[in-house]
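Subject: Structure for your study

Dear colleague,

Please find below the structure that I am handing over to you. I would ask you to keep it open while you read the notes that follow.

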Amino acid sequence: MVNISLLGLAGHVVSPDSKFKGIKYSTDKGNEALVGLEFTQPRYDTTMVVEVKLQKQADGHWQAKQITNAEELVQGVARLEKNRLLNSH
């Protein structure tokens with residue numbers, strides 16, 4: 001059993017050595033939009049997509065409201081970190 005800190009995992013989704021790769025996708029649903037922001041994650045030799053929900057404001061600008069896939073990101077990082085730790089022994 002590997003003990004992994006939840007707070008420690010958050011820094012592994014987008015870490016200091018991560019780089020913004022680009023917009024993976026975007027969907028417009030009237031006054032709401034979902035945008036997938038892709039970041040490199042060198043620690044695990046992969047990329048991660050942070051999905052942000054945007055809401056159109058009365059003055060026409062878009063405001064970020066929520067990271068919609070936070071739970072999936074944390075679960076994915078937990079799996080990657082567990083595998084990394086198990087394979088390092």
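Predicted model: local features only at pLDDT ≥ 70, side-chain atom pairs only at ≥ 80, totals over all residues.

The overall layout

The protein has 2 helices and 4 strands. Their order along the sequence is α-β-β-β-β-α. The chain has 89 residues, and 27% of them count as buried. The protein exposes about 6200 Å², of which carbon and sulfur atoms supply 53%. Among the contacts with a separation of 6 or more, 39% are between residues 24 or more positions apart.

The sheet

The 4 strands form an open sheet with antiparallel pairing, in the order β1-β2-β3-β4. At its edges are β1 (20–29) and β4 (62–67), each of which pairs on one side only. From one strand to the next, the twist averages 30°.

Two of the pairings may be followed residue by residue. β2 and β3 are joined in the antiparallel sense over 10 bridges. Within this pairing, Leu34 has Lys53 of β3 as its bridge partner, and Glu32 stands opposite Gln55 in β3. Gln55 also has a bridge partner in β4, namely Gln63. The pairing of β3 with β4 is antiparallel as well and extends over 5 bridges.

Both pairings belong to hairpins. Between β2 and β3 there are 4 residues, while the hairpin of β3 and β4 has 5 residues between its strands. In the turn of the latter, Gly60 has a positive phi of about 100°.

Asp45 is found in the loop between β2 and β3. Its phi is near 55°, which is a positive value in a residue other than glycine. For comparison, most residues other than glycine have a negative phi. Is Asp45 buried or exposed? Asp45 has a relative accessible area of 72%, and therefore counts as exposed.

The nonpolar core

Which residues make up the largest nonpolar core? There are 11 in all: Val13, Ala33, Val35, Phe39, Tyr44, Met48, Val50, Val52, Leu54, Leu73 and Val77. The elements that give two or more residues to this core are β2 (32–41), β3 (46–56) and α2 (70–87). β3 gives the most, with 4 residues. In soluble globular proteins, nonpolar side chains tend to be buried together.

Leaving out residues up to four places away in sequence, Met48 touches His12, Val13, Leu37, Glu38, Phe39, Gln41, Leu73, Val77 and Leu80.

Ile23 is found in strand β1. Its relative accessibility is 58%, so Ile23 counts as exposed. Although 14 residues separate Ile23 and Leu37 along the chain, their C-alpha atoms are separated by 4.8 Å. When residues up to four places away in sequence are not counted, Ile23 touches Val35, Gly36 and Leu37.

Ser18 is found in the loop between α1 (6–13) and β1. Why does Ser18 count as buried? The cut-off for a buried residue is under 20% relative accessible area; Ser18 counts as buried because its relative accessibility is 13%. A polar atom of the Ser18 side chain lies 2.9 Å from the backbone oxygen of Thr40. Apart from its neighbours within four places in sequence, Ser18 is in contact with Val13, Thr40, Gln41 and Pro42.

Yours sincerely,

A colleague

Terms used: Residues numbered from 1 in each chain as written. Heavy atoms only, no water. Buried < 20%, exposed > 50% of the residue type's maximum accessible area, 1.4 Å probe, protein only. Contact = heavy atoms within 4.5 Å. Areas by Shrake-Rupley, 256 points an atom, 1.4 Å probe, with all protein chains shown as cover. Core = buried A, V, L, I, M, F, W, Y, C linked by side-chain atoms within 4.5 Å. Pairing = 2+ DSSP bridges. Axes fitted to C-alpha atoms, helices over the stretch in contact; angles between N-to-C directions. Polar contact = N/O pair within 3.5 Å; in protein donor to acceptor, adjacent residues only side chain to side chain.
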